[in-house]
Amino acid sequence: MSRTEWQFWTNQPALPRLPDDFRILLTGMVTSLLSNTEDRIEFIEDDLEVVPGIKIFHAPGHTPGHMAVHIASEKRHFLYLSDAVIHKIHIRKPHWSPLVDIQPERAIQTRQ
């Protein structure tokens with residue numbers, strides 16, 4: 001997990017774009033998932049090749065510390081963007097940002 005992501009979620013994020021009910025639900029869920037886990041998380045500061053062919057890299061915008069994964073084997077490649085692209089329309093229209101993008105402008109840059 002990126003340290004930026006950890007710091008974002010563990011410092012009571014404001015999430016002003018989200019409706020109150022959803023914001024409360026989301027922050028409560030993430031807080032419960034992260035509580036008492038810091039000693040078991042390896043924080044990634046920079047892009048990282050985990051093993052040959054699998055790279056984790058920063059893809060901010062959906063959240064400040066969002067990351068993506070690139071997997072390569074022989075001549076085949078797979079790019080896992082997770083929530084950087086919530087719907088396939090975001091590939092064709094990267095400038096359309098859902099409410100859950102915490103930093104919409106950075107999310108647009110990531111999708112582009």
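Where is Asn36 found? I located Asn36 in the loop between H2 and E1; helices (H or I, at least four residues) and strands (E, at least two) are DSSP runs, numbered from the N terminus.

Before going on I noted that this is a predicted model, where local features need pLDDT of at least 70, side-chain atom pairs count only at pLDDT 80 or more, and totals for chains, interfaces and linings use all residues. Residues are numbered from 1 along each chain as its sequence is written, and side-chain values use heavy atoms, with hydrogens and water left out.

Entry, backbone. I looked up phi of Asn36 and found a value near 60°, positive in a residue other than glycine. Asn36 is exposed, since its relative accessible area is 69% (exposed is over 50%, buried under 20%, partly exposed in between; 1.4 Å probe, protein chains only). Ser82, not a glycine either, has a positive phi of about 55°. I placed Ser82 in the loop between E4 and helix H3 (89-92). Ser82 has a relative accessible area of 26% and is therefore partly exposed.

Entry, helices. I checked the axes of H1 (residues 3-10) and H2 (residues 20-34), which come within 10 Å and cross at roughly 120°. Axes are lines fitted to C-alpha atoms, for helices over the stretch in contact, and angles run from 0 to 180 degrees between N-to-C directions. H1 and H2 are therefore oblique to each other (under 35 degrees is roughly parallel, over 145 roughly antiparallel, 65 to 115 roughly perpendicular, the rest oblique).

Entry, Tyr80. I found Tyr80 in strand E4. Tyr80 counts as partly exposed because its relative accessibility is 45%.
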